[in-house]
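Hi,

Here is the structure I said I would pass on.

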Amino acid sequence: MSLVKLYDTTLRDGTQAEDISFLVEDKIRIAHKLDECGIHYIEGGWPGSNPKDVAFFKDIKKEKLSQAKIAAFGSTRRAKITPDKDQNLRTLVESKADAATIFGKTWDFHVHEALRIPLEENLELIFDSLEFLKKNMPEVFYDAEHFFDGYKSNPEYAIKTLQAAQQAGADCIILCDTNGGSMPYEIAAIVDEVKKTIKTPLGIHAHNDGECAVANSIISVQQGIVHVQGTINGFGERCGNANLCSIIPALKAKMQRDCISDAQMKTLRDLSRYVYELANLAPNKHQPYVGNSAFAHKGGVHVSAIQRHPETYEHMRPELVGNTTRVLVSDLSGRANILAKATEFNINLDSKDPVTLEILEDIKSMENRGYQFEGAEASFELLMKRALGTHRKFFSVIGFRVIDEKRTEDDQPISEATIKVKVGGKVEHTASEGHGPVNALDNALRKALEKFYPKLKDVKLHDYKVRVLPAGQGTASSIRVLIESGDKEGRWGTVGVSSNVIEASYQALVDAIEFKLHKDEETAAPKK
Ligand SMILES: CC(=O)SCCNC(=O)CCNC(=O)[C@H](O)C(C)(C)COP(=O)(O)OP(=O)(O)OC[C@H]1O[C@@H](n2cnc3c(N)ncnc32)[C@H](O)[C@@H]1OP(=O)(O)O
Ligand SMILES: CC(=O)C(=O)O
């Protein structure tokens, strides 16, 4: 298995994505994670661009990485000045990074339009910028920007630009699909042609505008490319860069190519989520390999088959990338979904047990009324417990009232909730204000119950979603509320449905609290 070197540009091209920005501290933390995952090169930023990127290269020097090399990014020199006078090239050297990567123009159209210099002069820019860096940096990479578009427009000139980089001694020449519109068959044919004249090791840097960045990277490796650039989760300019979270398992599990270790690949899902977290974005649950839904089975036929053999509906073992098989419960479920879910919750069910059919009937009828359990596994577990008679009622709500009062036209409304609960024969009556009626009700319910169950203080509400169910009744429509709650140990989802948004929210809130109380009691119970 020959080695494919992985070059991550999440901290540079990833931050060129709309909505993505990292503090220097975030970049350092991500660099550590990439290093632990075995990524060979980490492009930290463009030090000639902004002080934050200069600070990154200064700070990362103080950190101990186990194996990754840090690369600093920039462009070929500006026209009319020598490389040693070019501020951008000087900052690359001053960054003291392990490698420098510069991009240069390969497409004649770009030389004419963006640089506005003669074609010959661009070849000089490439040659002497790389020659200068080779004298001053341990390793030098050349990103041939727009290479594939350039080759399609003027193959002779595009190859001449690579020859200039080769003559200057670049350690690797990276063919870039900068506009991201090339197709895999074009990439394969062009890489084949390049290999006839260029002997320097080749790399690929693909963008995803035609949704082919991963495919284009993979086909390039198939054609002999040994260095792959990409980003975690495919973050990047416009539609993003090639997604390393998909490329790595494809290389290792499908092409038997060496890049990171098996143990490191098991951290891929964690790495993906870590980067989402620091980017302050919700993970894409449908992301191949590492997303929550990547190995989630919903159709009854699928669930039944994967239980007999997972490969019937899984293209690889999810554990290889740190993911897990999940079974979803919905009105497309059969008995197999219910049994699989019961096993997940350590509940013993038999496919012939009438309770299994009862749960199935309940789910189908509830889904008909608008309930959905895919994001509400805690509500589903409580439903099973109720059917089995193992549900414990920790409290009952005697009643509640929610008031929204707008005192003047210009004032924000004030929301207040009062609630009466009964716990073990004791009645508690509390009131609370909130940012809106649901928050007021949530506050009042917790305030009443925390006295009896202090651990409820740990529960946080992470997400609250309201969906109007499509019955065409306008403001009288039914509403589904999905809540995600969490404590220090984990997160759980609950659901409520009603034509009254407060009632739907109340159902989901009560389930969230009941689930927490059940969970804590089960954790505390001695193991049999
Ligand atoms: C394909 C890629 O993703 S490349 C990376 C793109 N990333 C970024 O642009 C993010 C960081 N960029 C920046 O902070 C700024 O653009 C800077 C600091 C690098 C440059 O800023 P400015 O000097 O104001 O230039 P500006 O942003 O307008 O870019 C255009 C200039 O770059 C020059 N340029 C573009 N590509 C190259 C190149 N490969 N080699 C040399 N010069 C280049 C253009 O000729 C133009 O120069 P001119 O203004 O003298 O005519
Ligand atoms: C170098 C680079 O980021 C590109 O060509 O897309």
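Let's start with a cysteine: Cys 259 is buried, and its relative accessible area is 6%. One thing to keep in mind throughout is that this is a predicted model.

Cys 259 takes part in no disulfide, since the nearest cysteine sulfur belongs to Cys 37 and lies 9.0 Å away. Cys 239 has a relative accessible area of 46%, which makes this residue partly exposed.

Helix 14 covers residues 335-344 and is mostly covered, with 7 of its 10 residues buried. The buried ones are Ala 336, Asn 337, Ile 338, Leu 339, Ala 340, Lys 341 and Ala 342. What do they pack against? Their partners are strand 9 (296-297), helix 13 (300-308), strand 10 (326-327), helix 15 (354-368) and helix 16. Just past the end of helix 14, you'll find Asn 346 with a positive phi of about 60 degrees.

The pairing with helix 16 (residues 377-388) is worth a look on screen: the two axes are 11 Å apart and the packing angle is about 95 degrees. Helix 14 and helix 16 are therefore roughly perpendicular to each other, as an angle from 65 to 115 degrees counts as such. On the helix 14 side the contact uses Ile 338, Lys 341 and Ala 342, and on the helix 16 side Glu 377, Phe 380 and Met 384. Sorted by type, the residues of this contact are 4 nonpolar and 2 charged, with no polar ones.

Finally, the cores. In soluble globular proteins, nonpolar side chains tend to be buried together. Here the largest nonpolar core has 82 residues, and the members that touch the most others are Phe 147 and Leu 175. If you skip neighbours within four places in sequence, the contacts of Leu 175 include Ala 144, Phe 147, Phe 148, Leu 162, Val 191 and Val 194. Also among them are Leu 202, Gly 203, Ile 204, His 205 and Ile 225. There is a second, separate core of 32 residues as well, and Ile 479, Val 481, Ile 502 and Phe 515 are among its members.

Cheers

Notes
Residues numbered from 1 in each chain as written. Chains lettered and ligands numbered in written order. Predicted model: local features only at pLDDT ≥ 70, side-chain atom pairs only at ≥ 80, totals over all residues. Heavy atoms only, no water. Axes fitted to C-alpha atoms, helices over the stretch in contact; angles between N-to-C directions. Helix = DSSP H or I, 4+ residues; strand = E, 2+ residues; numbered from the N terminus. Parallel < 35°, antiparallel > 145°, perpendicular 65-115°, else oblique. Contact = heavy atoms within 4.5 Å. Nonpolar A, V, L, I, M, F, W, Y, C, P; charged D, E, K, R; others polar. Core = buried A, V, L, I, M, F, W, Y, C linked by side-chain atoms within 4.5 Å. Buried < 20%, exposed > 50% of the residue type's maximum accessible area, 1.4 Å probe, protein only. Disulfide = S-S within 2.5 Å.
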